[in-house]
Amino acid sequence: MKIIRKSNVQPVAGESPPMRDHTSWTILVVDDDPDVLAITRISLKDFRFSGRGARLLFAQSAKEALEIYRNEPGIALALIDVVMETDDAGLKLVQTIREEFQDHTIRLIIRTGQPGHAPERYVIDNYDIDDYKEKTELTSIKLYTTVRSALKSYRDLQLIETSRKGLEMVLNAAPGMYLHPLGETSNFFREALSQVVRLCEVTCHHENPVSPISGFIATHDHCVLTLQCRHGQVSMDDLAVKSLGERLGNRVAGEGMMLDVAGQIILPLMIQHKIIGVIYLEHVGTLSENERSLLEVFSIQCANALENMRLYDALEGANRNAMRMLAVAAEFKDSETGDHVKRLARQTVETALELGCSNEDAMEMGQASMMHDIGKIGIPDAILLKPGRLTDDEFEVIKSHPGIGAAILAEDERFKVALQVALSHHERWDGTGYPMGLKGEEIPLSARIVAVVDVFDALVSVRPYKKAWSVAQALEEIQRGSGSHFDPTVVEAFLKTHHNRGEKKSGNPFNEMWSRRAMDRKK
Ligand SMILES: [Fe+2]
């Protein structure tokens, strides 16, 4: 079981934090009459709804109310007088909250003592309020009922809003997680854990800022890099955490469902009824059915992304093996040393990098170079291995190997670069090559590179029809072919890499890059 642990995930930029105070409902009471404020306080003294009391904030003008509103997130309800510093100060306040702050969740109730200044029909039609009351009709009990009804509406709206945000987050998380098969595995785990913590922060009643949500992801077959947690770094070697992950996995396997006990959540990551890992979180808070469902949807998404990554790895490995098997097959036909294609791959990668190609492109060209002569499978041994000079007819047969190779590699789009190399590695810069007589940059760069490194390696190797040349002779020959047989830029890069290799005595970058990539995939 491999472990990742994380805490203190930053909230999404631009997103308002969830309401933190769940012990009471915050109500803003706006009236320029101190007696009204006092009566309101008395009327709501023992107020309770949904297990929470009322926290009252008082303002004696619209200006003061706006200041409080700006500084107090999570106000559920505002009781607003109309005539205060101006005849329509309360109505302007409503307008500001709804239009400028775009707050459509807070419940706004107009409570006026001078209905003549703001007739009910006019106010209801022109301002986005939730209720209109005249002070004379609002007895203590009616005020209590009105506030309770408004808070119920606020609570329901908030539930819808948090569910919407949660669902949006789950949906938005998908692209981020599915992108990672192309990158490092550890990025996937970081992304997945960050998303689930954010989801909890948005949807769940996470109350305790002293103990932020923390947790880890543990899977059976994926290595995970270390991550920051509140105790510092946790590494793969942390046996205690590994053991915890395994025990949680077993526990979930026994229960077969998500558990949430005392603020802890264990989300199983399941593929085809089999648990492949768990997400463990603590300090989450209580969960409603809806929130549990969202987390379950997220865990399914996470498991699918993980499985997708595993399948991608398997496919990439199979693809790589197929390429190597093809290369080996071609080599058995043509070479006695067995090392030709490996040297070719190394020199192709080096030259491509020297020419400014990206690591990925250079790697792909290196792989492709190994299959440049795959078409020789279709050439009879009597011609291919003939020790003496070939007749014109025999040479025509040899010249068919690029086309045969291209036909073999055309079966799969993933062999596109290999196909280019197989088809065009005997083209010449001056247009006198075969099979199509391409000229200059009409010849794919990959094939121009392989043309140089293939000829060089053939020159320094023993073949049935020739002895090995010295390196100096071979380099001289390559230089001689620059601008006629070979692309001069490629020759220059090739000579430079050859020179550098002599200086550094470096290893095989092709193998090193594969090794690095393999290591990355395992992290
Ligand atoms: Fe060839």
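Is Arg480 buried or exposed? With a relative accessible area of 54%, Arg480 is exposed. This value, like the others in this report, comes from a predicted model.

**Salt bridges**

In this model, 21 salt bridges are counted.

| Pair | Distance (N to O) |
|---|---|
| Lys135 and Asp81 | 3.4 Å |
| Glu354 and Lys496 | 3.3 Å |
| Arg480 and Glu476 | 3.9 Å |

Arg480 forms its salt bridge with Glu476. Both residues belong to helix H16 (residues 471-480), and because they are 4 residues apart, about one helical turn separates them. Glu476 is partly exposed, at 46% relative accessibility.

Salt bridges with shared partners also join Arg98, Arg107, Asp128 and Asp130 into one network.

The salt bridge between Lys135 and Asp81 involves two loops: Lys135 lies between strand E6 (131-134) and helix H5 (140-179), whereas Asp81 lies between strand E4 (75-80) and helix H3 (89-100), so the pair ties together parts that are 54 residues apart in sequence. Lys135 is partly exposed, at 23% relative accessibility, while Asp81 is buried, at 3%.

Glu354 and Lys496 meet through their side chains in a salt bridge. This pair links distant parts of the chain, with Glu354 in helix H9 (residues 340-354) and Lys496 in helix H17 (residues 488-504), 142 residues apart. Glu354 is partly exposed, with a relative accessibility of 31%, and Lys496 is likewise partly exposed, with a relative accessible area of 46%.

Note on methods: Residues numbered from 1 in each chain as written. Predicted model: local features only at pLDDT ≥ 70, side-chain atom pairs only at ≥ 80, totals over all residues. Heavy atoms only, no water. Salt bridge = Lys/Arg side-chain N within 4 Å of Asp/Glu carboxyl O. Buried < 20%, exposed > 50% of the residue type's maximum accessible area, 1.4 Å probe, protein only.
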